[in-house]
Amino acid sequence: MREIVVIGGGAAGLMAAGTAAGQGARVTLLEKNPKVGRKLAITGKGRCNVTNNCDVPTVLANVPTNPRFLYSALGGCSPADVIAFFEQEGVPLKTERGGRVFPQSDRALDIVDALYRWVRRAGVKLVHAEAERLLLENGGAVGAAAGGQEYRADAVILATGGASYPLTGSTGDGYRFAKAAGHTIVHARPSLAPLVAAGDTCRKLMGLSLKNVQITVLEDGKKVFTDFGEMLFTHFGLSGPLVLSASAHMRHFGSRVYRVEIDLKPALDEKTLDKRLLSDFEKHKNSDFINALGDLLPRKLIPVVVELSGIDPRCKVHSVTKQGRAALRRTLKTFPAEVTGARPISEAIITAGGVSVKEISPKTLESKKCRGLYFAGELIDVDAYTGGFNLQIAWATGRLAGRSAAEG
């Protein structure tokens, strides 16, 4: 019977451990936290966006970094397979906007509990101890040391996650272990992270949450992303689901200029918006301009929009010119934020970068540098946009690594 050690009890590690045990291997899972699935329990605002209800080509189209590396993994574990797996494990799922799949209960813990029950049923031995180092002999991985003990094995699966959300245990240990085994680490950087903006516009609007807005990202003046949803102004810049999605498309801070434009009224085209403005202006024609926008905008946003429009806040509404109205329309449709960078990796949902895919076999996920060492999940240099695609990668690579390690 093959002995396997899995390091990391997150999404990829749990899938790898359960799969290997199901193939008849004797599996020890090392997890430093008192409970498994700590990061999984907080994903999707505690609801857990399990996967995306789409086909494999659509998953690959949502992976900007090294998508071809994932062909074999996704071929053996598609979104349909993931959905079937969790429903068989007693978690009914539902599909929401954009194909996002969630538990019907909206409880991420139901996903964690299902995985925990599954690995225990498969006979996985859980050890709550921090892995200190790999045991390396004769160019191969033969186990791991954790909590002052050595766990010998025929194969080791590294599934320690990246360096985002360090409080959940993703502290970059896996990079250290991979380096010790001779691997190259592609620079780890934040992806799906809040954005830092220049100037004081965002600070003035700190705490203001906007729903049903559209944002467009321009890279050196060229549109690279646009989507619709919810966002938040903060003391440093922009956050919220829409902004996190946008950040994954902003990969060249330092060498390119990024600008975010917010359409505050995406449901109204220019002509309809102009009619709406004329109607509001008629209603408030004898008021000061700054007091005429209360029906159109949240109170906190009004002085900032007025300032950006260039219209004198104290001029009477009936004296606002056609050009003034055009400037106001422009501000409402392309409210600007000059983005200078992303927040630190510790605040990112996903780490981009990781163990170079050139040094891992895509068919088995075994190291090309160190016999018996396998990789799964966020530790590998692949990452995706939001929508359940990153967890899909975790399940697929976890399953392939577990199966390959068990088969040897």
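Strands β8 and β9 run antiparallel, and four bridges join them. They belong to an open sheet of three strands, with the order β7-β8-β9 and antiparallel pairing. Keep in mind that this is a predicted model.

- You can pick out some facing residues: Ala131 has Ala146 of β8 as its bridge partner, and Leu134 stands opposite Ala144 in β8.
- Ala144 also has a residue opposite it in β9, namely Tyr151.
- Is β8 largely enclosed or left open? Seven of its seven residues are buried, so the rest of the structure largely encloses β8.

**The two hairpins**

- β7 and β8 form a hairpin with two residues between them.
- Asn138 sits in the loop between these two strands, and its phi is positive, about 50 degrees, although Asn138 is not a glycine.
- Asn138 is exposed, with a relative accessible area of 74%, which is over the 50% cut-off.
- The hairpin of β8 and β9 also has two residues between the strands, and there Gly147 takes a positive phi near 55 degrees.

**Helix α1**

- Helix α1 (residues 11–22) has twelve residues and reaches 17 Å from its first C-alpha to its last, close to the expected 16 Å.
- How many residues of α1 are buried? The count is eleven of the twelve, so α1 is largely enclosed by the rest of the structure.
- Among the buried ones are Gly13, Leu14, Met15 and Thr19, along with several alanines such as Ala11 and Ala12.
- What do they pack against? The buried residues of α1 meet the strands β1 (3–7), β2 (26–30) and β10 (155–158), plus the helices α5 (79–88), α6 (108–121) and α13 (389–407).
- Just after α1 comes Gly24, with a positive phi of about 100 degrees.

**How α1 meets α13**

- For α1 and α13, the axes come within 7 Å and cross at roughly 35 degrees.
- The crossing of α1 past α13 is right-handed.
- On the α1 side, the contact is made by Ala11, Ala12, Met15, Ala16, Thr19 and Ala20.
- On the α13 side, the residues in this contact include Leu391, Trp395, Gly398, Arg399 and Arg403.
- Sorted by class, this contact has nine nonpolar, three polar and two charged residues.

- Leu373 lies in strand β19 (residues 373–375), and at 0% relative accessibility it counts as buried.
- Leaving out residues up to four places away in sequence, Leu373 touches Leu134, Ala141, Val156, Leu158, Ala181, His183, Leu365, Glu366 and Ser367.
- Leu373 and Glu347 are 26 residues apart in sequence, and their C-alpha atoms are 29 Å apart in space.
- Thr28 is found in strand β2, and it is buried, with a relative accessible area of 9%.
- With residues up to four places away in sequence left out again, Thr28 touches Ile4, Val5, Val6, Lys125, Val127 and Tyr151.

- The buried residues of helix α11 (residues 302–309) are Ile302, Val304, Val305, Val306 and Ser309.
- Their cover includes α8 (201–204), α12 (322–333) and β17 (335–342).
- Gly310 follows α11 and has a positive phi, near 80 degrees.
- Where does Asn66 sit? Asn66 is in the loop between α3 (56–61) and α4 (71–76).
- Asn66 has a positive phi of about 55 degrees although it is not a glycine, and at 28% relative accessibility Asn66 counts as partly exposed.

Conventions:
Residues are numbered from 1 along each chain as its sequence is written. This is a predicted model: local features need pLDDT of at least 70, side-chain atom pairs count only at pLDDT 80 or more; totals for chains, interfaces and linings use all residues. Side-chain values use heavy atoms; hydrogens and water are left out. The expected span of a helix is 1.5 Å times one less than its number of residues. Buried means under 20% relative accessible area, exposed over 50%, partly exposed in between (1.4 Å probe, protein chains only). Contact means heavy atoms within 4.5 Å. Axes are lines fitted to C-alpha atoms, for helices over the stretch in contact, and angles run from 0 to 180 degrees between N-to-C directions. A crossing is left-handed if the near helix is turned anticlockwise from the far one by less than a right angle, and right-handed if clockwise. Ala, Val, Leu, Ile, Met, Phe, Trp, Tyr, Cys and Pro count as nonpolar, Asp, Glu, Lys and Arg as charged, and the others, Gly among them, as polar. Two strands pair if DSSP finds at least two bridges between them.
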